[in-house]
Amino acid sequence: MLDRFEAIRGHSLKAGDEDVGKVVDLLFDDQSSDVRYVVCDTGGWLSTNEVLISPKAITTIDHTEGCLRSNLTKDQIERSPPISSDRPVSRQEEARLHEYYAWEPYWSAPMAGGPYFWAAEPMLHAGPTGVPTPLDPEERAAGDEIRDIERHRDATSDTHLRSAHEVIGYHILANDGKDVGKVKDLYFSPDAWHFRFILIDTGSFFSGKKIAIATDWLEAVDWAERVITLDLAGKQIESSPPIKDEALSDEDERRLADAYGRSLP
């Protein structure tokens, strides 16, 4: 069963038995759809209004108690490096945060379903016959210099963080230009913290039904204009099975994939 962003927004963040803030947003990577941070409003007990917590520090999402439980202490959070309230968050700020909490930087780890952000060091290359042969010392030195430059570029480059709260209300278009509706919510896996589906309120376009579309079925996102274009035609979307109670089970996912003739993300 997937969880919803709006279902956890407003939940308290717990450090041990103490409430340290309220969940106000999730920051996700616009290239991978992975959630990178839970944004919590501290309510003024810290000098900064908001703190960023990696999903790696969240141990439980407890809807009964209305909280996210973490493996952090209140003292740890109080002493964490400050984050600028003005977004975007810089990579330097992220690096300080990850170093302080000893979180593995996601930008130096394997990306979900993709390659390493920093490529592994090559030891071989294809020789004249196509058979891999060892790199000579000059080639190794040149490669080391290039990788140092790439590591510096990636460590200091702008991030691809986007606000889930900001995406709520984005306009949705089919790939044939037909209006579909607006984003009402985003579904994520509570284990992988990865956005897998968006919930769309079709309003007057399709009799007001709510539908779910996998993030893998998006064609383009215009962040400036707040418009998402789907990799689906209007007629396909019109016949989409409705989402009635806004929960999304495994069976619902399979039903959606069958309806659109797509594989599940």
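The buried residues of helix α7 (residues 250-260) pack against strands β13 (195-201) and β14 (210-214) and against helix α6 (234-238), where buried means under 20% relative accessible area, exposed over 50% and partly exposed in between, with a 1.4 Å probe and protein chains only. This is a predicted model, in which local features need pLDDT of at least 70 and side-chain atom pairs count only at pLDDT 80 or more, while totals for chains, interfaces and linings use all residues. Residues are numbered from 1 along each chain as its sequence is written, and side-chain values use heavy atoms, with hydrogens and water left out. Helices (H or I, at least four residues) and strands (E, at least two) are DSSP runs, numbered from the N terminus.

- The buried residues of helix α7 are Asp252, Glu253, Leu256, Ala257 and Tyr260.
- Because these residues cover an arc of only 135° around the axis, they lie on the same side of α7; the arc is that of the directions from the helix axis to the C-beta atoms.
- Gly261 follows α7 and has a positive phi, near 65°.
- Strands β13 and β14 run antiparallel and are joined by 5 bridges, strands being paired if DSSP finds at least two bridges between them.
- Within this pairing, Leu199 stands opposite Ala212 in β14, and β14 is mostly covered, with 4 of its 5 residues buried.

**Aromatic pairs**

- The count comes to 10 aromatic pairs, by a rule in which rings of Phe, Tyr and Trp (its six-membered ring) pair if their centres lie within 6.5 Å, with planes under 30 degrees apart counted as stacked, over 60 as edge-to-face and the rest as tilted.
- The rings of Phe28 and Trp223 form a tilted pair, because their centres are 6.4 Å apart and their planes stand at 50°.
- This pair links distant parts of the chain, with Phe28 in strand β3 (residues 18-29) and Trp223 in the loop between β15 (218-222) and β16 (227-230), 195 residues apart.
- Phe28 is buried at a relative accessible area of 7%, whereas Trp223 counts as partly exposed at 24% relative accessibility.
- Phe188 and Phe195 make an edge-to-face pair, because their ring centres are 6.1 Å apart and their planes stand at 90°; both Phe188 and Phe195 are buried.
- One aromatic cluster is formed by Phe28, Tyr170, Phe188, Trp193, Phe195 and Trp223.

**Leu173 and the cysteines**

- Leu173 belongs to strand β11 (residues 171-173), and its C-alpha atom is separated by 9.0 Å from that of Ala233, 60 residues apart along the chain.
- Not counting residues up to four places away in sequence, Leu173 touches Lys178, Asp179, Val180, Val227, Ile228, Thr229 and Leu230, a contact meaning heavy atoms within 4.5 Å.
- The count of disulfides, defined as pairs of cysteine sulfur atoms within 2.5 Å, comes to 0.
- Cys40 is buried at 0% relative accessibility, and Cys67 is buried with a relative accessible area of 0%.

**Confidence of the prediction**

- The protein chain averages a pLDDT of 83, and 80% of the residues score at least 70, pLDDT being the predictor's confidence in each residue, from 0 to 100.
- Among the elements of the protein chain, strand β7 (residues 67-70) has the highest mean pLDDT (98) and strand β8 (residues 124-126) the lowest (39).
- The pLDDT is below 50 over residues 111-134, a stretch with 38 contacts in the model beyond near neighbours in sequence.
- Residues 146-156 also stay under 50 in pLDDT, and for them the model has 12 contacts beyond four places in sequence.
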